[in-house]
Amino acid sequence: MSDNTALVNSVLDQLSASGHKKVVFCNDPDTGLKAIIAVHDTTLGPALGGTRMWNYVSEAEALEDVLRLSAAMTYKAAITGLNLGGGKAVIIGDSRKDKSESLMRSFGRFIKNMNGEFITAEELGTTTKDMEYIRMETEHVTGVPESIGGAGNPAPHTAKGVFLGIKACVKEVFGTDMLAGRSVVVQGIGNVGEHLVELLRAENVEVYISDINEERLQHVARTYKAKPISADKIFGIGADIYSPCALGATVNNSTIAKMKFAIIAGSANNQLADEQLHGQQLLDKGILFAPDYLINAGGLISCYSELTGFGKKRTVQLTENIYDATREVIRLSKKDNISTIKAANRIAEKRIIDIKKIKSSF
Ligand code: NAD
């Protein structure tokens, strides 16, 4: 067996293990584009997911990331009640140095060739401007600027959903969803994090913020009267809520051991380093975890509205449902004494199975 055969086998094994339908590897030497598009499931509709541009240390790391992220999109769309499947794309490279109009348009052509099976949007390392370039090649892109008929930046909707997820958890733990007087640590005050800080401060929440970008940290601290803290202080602090809005896997063996939070609720994707293990550890420790893919669905809802022509009012209504959906997950978790992530997965999987049955009976 040649090395190449071994590689293909191991990739296909990974796809089988994670239940993926299709993965497309994109290579364009003319523009330097190296990207991977993963389609996880299309039972509920076309796979919609953002395109992340990141300086991955290896192609294997990029593949692992896109497989994990695309599967989460299936669950996110399903639990939010949207008629969308799950997909995601990653472009390998440094978004500050390697991006160009031609690279993004070349990527757009690969999406075009998928004939609507995959629709993209912005994610870490990509912007509404990049979506505009992709739109020049294909209609299968959302989150383009409002000036050309799109819904624009999805981050404010994502932040609103996270805010409502926090409220639903606060209601469970403290008996009221009034946030005044509560304290929150927001880790990562980028696009979503800053909007979240604004919403929290408007309700007189005591907000601690942390970011590796010192300039941004000071700016957000000044603008909203939030308290900057260094990264090493996050897990020792006695705040009520931890809101991860930067990277995934920040909830792990070492951080859980230090945590004194009552609630974890943030926008970052895949916050639990190991879903089963750490979901259970949080349950055992009495820390309420708001499933990330549920409460960060506001951005996806905004993209869905753009696709379906729903408009802003419907986006707001659908985003507001995140409060009730979070309460529903908490109820199931308590009833069956299972972690909230397991409860959320059950609800999402049930919807996919139910719709599959309808499809096969007609
Ligand atoms: P962003 O790039 O605008 O902001 C991320 C921020 O985190 C930046 O300010 C960055 O400096 C900071 N950061 C990076 N590493 C850090 C670290 N180790 N500690 C502290 N801060 C760190 O991204 P965003 O659009 O705000 O998204 C934030 C998270 O939410 C990401 O995980 C993203 O995948 C997820 N998410 C975003 C959306 C959306 O609508 N933008 C939707 C769903 C999920």
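These legends accompany several close-up views of a predicted model.

Close-up 1. Let us begin with the residues around the ligand. The shell holds 24 residues, and T158, V192, D211, A246 and S267 come nearest. T158 places a polar side-chain atom 2.7 Å from a ligand oxygen. V192 uses its backbone instead, with an N or O atom 2.8 Å from an oxygen atom of the ligand. A polar backbone atom of A246 also lies 2.7 Å from a ligand oxygen. On its own the ligand would expose 820 Å², and the protein buries 79% of that area.

**Close-up 2. The shell between two domains.** Here the view widens to the parts of the chain that build the shell around the ligand. Where does the ligand lie relative to domain 1 and domain 2? Domain 1 (3–71 + 85–152) and domain 2 (156–349) both contribute residues to the shell, so the ligand lies between them. Among the secondary-structure elements, helix 5 (155–174) and helix 6 (191–202) each provide at least two shell residues. Sorted by class, the shell contains 10 nonpolar, 10 polar and four charged residues.

**Close-up 3. F235 and F261, an edge-to-face pair.** The structure holds five aromatic pairs, and this view shows the one made by F235 and F261. The two ring centres are 6.5 Å apart and the planes meet at 75°; planes over 60 degrees apart count as edge-to-face, so that is the label for this pair. F235 belongs to the loop between strand 8 (227–228) and strand 9 (241–244), while F261 sits in the loop between helix 8 (253–258) and strand 10 (263–264).

**Close-up 4. Y242 joins F261 in a stacked pair.** Staying with F261, we now turn to its pairing with Y242. Their ring centres are 5.3 Å apart and their planes are at 20°, so this pair is stacked; the cut-off for that label is under 30 degrees. Y242 lies in strand 9 and F261 in the loop between helix 8 and strand 10, so the contact ties together parts that are 19 residues apart in sequence. Is Y242 buried or exposed? At 0% relative accessibility, Y242 counts as buried. F261, at 3%, counts as buried too. Taken together, F235, Y242 and F261 form one aromatic cluster.

**Close-up 5. H20 and its polar partners.** This view turns to the loop between helix 1 (3–18) and strand 1 (22–28), where H20 is found. H20 has a relative accessibility of 9% and counts as buried. Which residue's side chain is joined to that of H20 by a polar contact of 2.7 Å? The partner is S70. A polar atom of the H20 side chain also lies 3.2 Å from the backbone oxygen of L67.

**Close-up 6. T138 and G150 in the loop between helix 4 and helix 5.** T138 lies in this loop, and G150 has its place there as well, between helix 4 (128–135) and helix 5. T138 is buried, at 5% relative accessibility. The T138 side chain reaches the backbone nitrogen of H140 at 3.0 Å. G150 is also buried, with a relative accessible area of 15%. For a sense of scale, the C-alpha atoms of G150 and L247 are separated by 27 Å, and these two residues are 97 apart along the chain.

Close-up 7. K225 has a phi near 55°, a positive value in a residue other than glycine. K225 is found in the loop between helix 7 (214–224) and strand 8, and its relative accessible area of 65% makes it exposed. A249 has a phi near 60°, again a positive value in a residue other than glycine. The place of A249 is the loop between strand 9 and helix 8. Is A249 buried, partly exposed or exposed? With a relative accessible area of 35%, A249 is partly exposed.

Key:
Residues numbered from 1 in each chain as written. Predicted model: local features only at pLDDT ≥ 70, side-chain atom pairs only at ≥ 80, totals over all residues. Heavy atoms only, no water. Near = heavy atom within 4 Å. Polar contact = N/O pair within 3.5 Å; in protein donor to acceptor, adjacent residues only side chain to side chain. Areas by Shrake-Rupley, 256 points an atom, 1.4 Å probe, with all protein chains shown as cover. Helix = DSSP H or I, 4+ residues; strand = E, 2+ residues; numbered from the N terminus. Nonpolar A, V, L, I, M, F, W, Y, C, P; charged D, E, K, R; others polar. Domains from an automatic or database assignment. Phe/Tyr/Trp six-rings, centres within 6.5 Å; stacked < 30°, edge-to-face > 60°. Buried < 20%, exposed > 50% of the residue type's maximum accessible area, 1.4 Å probe, protein only.
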